[in-house]
Number of protein chains: 2
Amino acid sequence: MDTLKTRRSIRKFKADEVSDEVLNPLFEKAFRSSTTGNMQLYSVVITRDKAQKEKLAPAHFNQPAYANAPMVITFCADFNRFTKWCEQRNATPGYDNAESFACAAIDTVIAAQTFCVAAEEAGLGICYLGTTTYNPDQIAEVLQLPKLVVPIVTLSVGYPAEDPQCSDRLPISAIVHQEVYKDYAPADIDRIFAEKESLKENQQFVSENQKENLAQVFTDIRYTKKDMEFFSQKLMDFIRKQGF
Amino acid sequence: MDTLKTRRSIRKFKADEVSDEVLNPLFEKAFRSSTTGNMQLYSVVITRDKAQKEKLAPAHFNQPAYANAPMVITFCADFNRFTKWCEQRNATPGYDNAESFACAAIDTVIAAQTFCVAAEEAGLGICYLGTTTYNPDQIAEVLQLPKLVVPIVTLSVGYPAEDPQCSDRLPISAIVHQEVYKDYAPADIDRIFAEKESLKENQQFVSENQKENLAQVFTDIRYTKKDMEFFSQKLMDFIRKQGF
């Protein structure tokens with residue numbers, strides 16, 4: 001389990017396929033994790049086929065972590081299967097709402113992350129593609145997702161072809177609160193982000209982007225207000241369109 | 001890592017406290033897991049104090065898995081810390097929207113689930129409390145969560161005082177789709193849910209509740225349309241109130 005302490009996301013992969021014989025024991029572990037009322041409100045779609053992977057590429061902006069991977073796995077919140085079961089049993093489902101979506105989305109990430117832990121322990125590399133919540137509509141079209149199914153996270157999966165360093169993390173004390181949330185005073189913020197701001201690679205990032213500081217790289221380039229608002233609208237429209 | 005294959009949620013705990021010396025190495029692992037743009041969009045609030053635990057109890061309907069635990073840990077989506085950093089650096093944050101909430105909520109569950117894996121490997125027992133998304137407003141009040149902070153999942157944590165059986169799970173083939181989502185025909189639904197429906201404990205559940213079948217136990221008792229709609233409204237109102 002020391003894997004957990006030293007893990008890194010992998011964005012360059014060997015060409016080798018990952019077979020179902022390798023994947024299924026990982027899914028077995030993933031689907032054993034906690035789930036709301038034991039309803040298992042998720043489905044998984046595997047993309048290995050080259051033509052399918054091409055079609056899905058624009059939804060993930062064809063980012064290197066996507067393009068380099070031999071496969072991706074899309075974990076979807078799924079109330080379709082459970083609802084169909086209810087309807088077939090003369091039971092009246094009421095799962096077309098925000099609370100149901102929240103339960104399913106949480107179930108989905110729990111399963112996905114357990115998959116990641118098991119995969120990394122088995123020598124595979126993974127990378128989460130944040131683009132999933134940007135372009136869920138395009139992903140749903142390619143994967144033919146029906147109503148009550150929403151893609152939540154996508155993983156690039158494969159055998160690592162790189163050995164990157166661990167990225168920096170905030171101090172634990174910056175994240176853990178005892179009994180009540182202790183809000184951050186200006187001096188706390190300075191202390192918490194000091195190490196991140198002092199790292200050579202982050203300082204390089206700032207100068208390459210001709211910004212005053214690292215925070216501006218986030219707000220002006222990586223995660224701008226304009227983009228976040230655009231994708232918010234798209235995401236909410238899509239969740240509603242899927243029937244939640 | 002065989003823990004993952006045989007894990008069970010724990011709802012009865014020994015009285016023993018779980019110290020920070022035990023918890024911190026687990027948090028170290030949890031916070032090493034994947035996070036959107038390395039922003040670590042989560043905070044954790046530990047509840048050990050008896051008075052605090054009393055105050056929080058109604059939000060979790062004082063369910064046995066809550067009442068029996070020596071402590072609970074609330075994992076919260078948190079864009080407050082990151083936003084404060086941006087503001088303090090003359091950067092203009094745009095993280096008061098749905099997409100930002102989605103990123104933070106996903107980050108939060110990834111960290112929480114890695115914590116669970118590490119905790120179970122270390123001999124602790126955990127149980128997710130689904131009540132967190134039912135009563136986020138009450139939880140936020142007790143934990144004093146500021147704007148841009150929303151509780152997503154709560155874990156009961158402690159040393160196990162029971163040794164329950166693994167609960168049933170759907171077959172892997174019911175959840176994994178190759179290339180495209182293959183929607184479920186009536187015969188698929190019957191096959192997928194057959195084992196669950198045949199289990200003695202589930203049949204007992206049906207007869208105790210005087211229902212025709214297991215699906216009706218879910219729709220009429222455990223997760224009713226009326227409740228899900230009530231909690232949906234509450235959840236959406238609260239997320240908006242927190243500034244997203």
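User: Which side chains meet in a salt bridge with an N to O distance of 2.8 Å?

Analyst: B:Arg89 and A:Asp190. A salt bridge here is a side-chain nitrogen of Lys or Arg within 4 Å of a carboxyl oxygen of Asp or Glu. This is a predicted model, where local features need pLDDT of at least 70, side-chain atom pairs count only at pLDDT 80 or more, and totals for chains, interfaces and linings use all residues. Residues are numbered from 1 along each chain as its sequence is written, chains are lettered from A and ligands numbered from 1 in the order in which they are written, and side-chain values use heavy atoms, with hydrogens and water left out.

User: How many salt bridges are there between chain B and chain A?

Analyst: Eight.

User: And how many residues are in contact?

Analyst: 111 residues of chain B touch 111 residues of chain A, contact being heavy atoms within 4.5 Å.

User: How much area do the two chains bury?

Analyst: About 10,100 Å², with 60% of it on carbon and sulfur atoms. Buried area is the accessible area (1.4 Å probe) that two parts lose on being put together, summed over both.

User: What is the order of the five-strand open sheet?

Analyst: β3(A)-β4(A)-β2(A)-β1(A)-β5(B), with mixed pairing. The edge strands are β3 (125–129) of chain A and β5 (176–178) of chain B.

Terms used: Two strands pair if DSSP finds at least two bridges between them. Helices (H or I, at least four residues) and strands (E, at least two) are DSSP runs, numbered from the N terminus.
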